[in-house]
Amino acid sequence: MQEKLRKEINEVLREHNNEITYEAVMNMKYLYMVINETLRMYPPLPFLNRICVNDYRLPNSDIVIENGTKIIFPIQGLHYDPEYFPEPYQFNPERFSAENKAQIPPYTFMPFGDGPRNCIGDRFAKQQIRVGLACVIRKYRFRLNPKVKVPLEFDTTTFIRAKDDILLDVETV
Ligand code: HEM
């Protein structure tokens, strides 16, 4: 997977005078698939908070969410629901290929939230991640150090973060 990513980064950069420009990183389709799959499995914010501002009857039911009710949207729960993401514990960037992505129902993949109060830094964050990863993956090869316990354990008190250090072995390509 990492080799495939490196190959794409190098190929795209060759077409762009080896310069990491906006156009170059936007052309790195596989890189974006890897980023999305990472945000699916490890959404930094695992849930969204909302407050209901009007009484709302759920369609086809007698359940009414009353004005003022606090609501939690489980982003992480949706991202691991096998109905939307089969074999959810498998890291599989192909879920986000142009063809497969179109099959993902709306509001099931929401690492940046949704609606009028979604993340204001969405595009900026994705751009920074693209540039950062393109810079390091083209020059270095990463392997998980054997001391790291897999699967990783997470502290989910607020933001999702690994409980222990994630040690990586790094070598130049
Ligand atoms: C991977 C990086 C990031 C992730 C996954 C992320 C995720 C989120 C999520 C889930 C929300 C809540 C949205 C909602 O309730 O619908 C949020 C809100 C917000 N984010 Fe981000 N964020 C990221 C990076 C950034 C960056 C880089 C900035 C600023 C440059 C930023 C600024 C904000 C702000 C200001 C809000 C509050 C928006 C509002 O309440 O109207 N975020 N973010």
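1. A salt bridge is taken here as a side-chain nitrogen of Lys or Arg within 4 Å of a carboxyl oxygen of Asp or Glu. The side chains of Lys-7 and Glu-11 meet this criterion at 3.4 Å, N to O. Both residues belong to helix 1, four residues apart, about one turn of the helix; helices are DSSP runs of H or I with at least four residues, strands are runs of E with at least two, and both are numbered from the N terminus.

2. The model is predicted: local features need pLDDT of at least 70, side-chain atom pairs count only at pLDDT 80 or more, and totals for chains, interfaces and linings use all residues. Residues are numbered from 1 along each chain as its sequence is written, and side-chain values use heavy atoms, with hydrogens and water left out.

3. The salt bridges come to twelve. One of them joins Glu-3 to Arg-141, with the closest N and O atoms 2.9 Å apart. This pair links distant parts of the chain, since Glu-3 lies in helix 1 and Arg-141 in strand 5, 138 residues apart. Glu-3 and Arg-141 also belong to a network of salt bridges with Arg-6, Arg-143 and Glu-171.

4. Lys-149 and Glu-153 form a further salt bridge, at 2.9 Å from N to O. Lys-149 is exposed, at 56% relative accessibility, whereas Glu-153 is partly exposed at 35%. In these terms, buried means under 20% relative accessible area, exposed over 50%, and partly exposed in between, with a 1.4 Å probe and protein chains only.
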